[in-house]
Amino acid sequence: MQADKTKVTRLLKTARGQLDGILNMIENDRYCIDISNQIMAAQAILTKANKEILHAHMECCVKNAIGSKDSEEKIQEILTLMDKIMK
């Protein structure tokens, strides 16, 4: 992985902490809207971490594959991922 590992790790640990907090909110019967807001916040952090990883992938792995025998495979990987994201 070529992404900034420190940044991605920090984001994922933050998301994990939020998930633990959400579980705690559920156990304590907190207000549904508050729980939903926290779930959306965790999703936003996971999206940010995923963007970091994908940007690094494009700038390193895909860029290096252009013009090589792996270029078609790397492009197909990105297209498949985009299909999943846009569902």
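A residue counts as buried under 20% relative accessible area, exposed over 50%, and partly exposed in between (1.4 Å probe, protein chains only). Keep that in mind while walking through the points below.

1. **What kind of model this is.** This is a predicted model, in which local features need pLDDT of at least 70 and side-chain atom pairs count only at pLDDT 80 or more, while totals for chains, interfaces and linings use all residues. Residues are numbered from 1 along each chain as its sequence is written, and side-chain values use heavy atoms, with hydrogens and water left out.

2. **Confidence.** pLDDT is the predictor's confidence in each residue, from 0 to 100. The chain averages 93, and 100% of the residues score at least 70.

3. **Helix 1 and its length.** Helices here are DSSP runs (H or I, at least four residues), and strands are too (E, at least two), numbered from the N terminus. Helix 1 covers residues 5-27, which makes 23 residues. The expected span of a helix is 1.5 Å times one less than its number of residues. For helix 1 that gives 33 Å, and its end C-alpha atoms are 33 Å apart, so the two agree.

4. **How helix 1 begins.** Look at aspartate 4, which caps the N-terminal end of helix 1: one of its side-chain oxygens lies 3.1 Å from the backbone nitrogen of threonine 6.

5. **The buried side of helix 1.** Which residues of helix 1 are buried? They are Val8, Leu11, Ala15, Gln18, Ile22 and Met25. An α-helix has 3.6 residues a turn, so residues three or four places apart point the same way. The buried residues of helix 1 pack against helix 2 (32-65).

6. **A closer look at glutamine 18.** Glutamine 18 lies in helix 1 and counts as buried because its relative accessibility is 19%. Contact means heavy atoms within 4.5 Å. Leaving aside neighbours within four places in sequence, glutamine 18 is in contact with Gln38, Ala41, Ala42 and Ile45.

7. Aspartate 29 sits in the loop between helix 1 and helix 2. Its phi is near 55 degrees, a positive value in a residue other than glycine. Is aspartate 29 buried or exposed? It is exposed, with a relative accessible area of 69%.

8. **Helix 2 and its kink.** Helix 2 has 34 residues and should span 50 Å; its end C-alpha atoms are 47 Å apart, which agrees. Helix 2 also has a kink of about 35 degrees, centred on histidine 57. The bend at a residue is the angle between axes fitted to the seven residues ending there and the seven starting there. The buried residues of helix 2 include Ile35, Ala42, Ile45 and His57. What covers the buried residues of helix 2 includes helix 1 and helix 3 (71-85).

9. Valine 62 belongs to helix 2 and is buried, with a relative accessible area of 9%. Beyond its neighbours within four places in sequence, valine 62 is in contact with His57, Lys74 and Ile78. Isoleucine 75 is in helix 3 and counts as partly exposed, at 41% relative accessibility. The C-alpha atoms of isoleucine 75 and valine 62 are separated by 7.3 Å, although the two are 13 residues apart along the chain.

10. **Glycine 67.** Just after helix 2, glycine 67 takes a positive phi of about 85 degrees. Glycine 67 is found in the loop between helix 2 and helix 3. At 78% relative accessibility, it counts as exposed.

11. A disulfide is a pair of cysteine sulfur atoms within 2.5 Å, and the structure holds 0 disulfides. Cysteine 61 is partly exposed, with a relative accessible area of 28%.

Technical notes:
A polar contact is a pair of N or O atoms within 3.5 Å; within protein, one must be able to donate a hydrogen and the other to accept it, and residues adjacent in sequence count only if both atoms are side-chain atoms.
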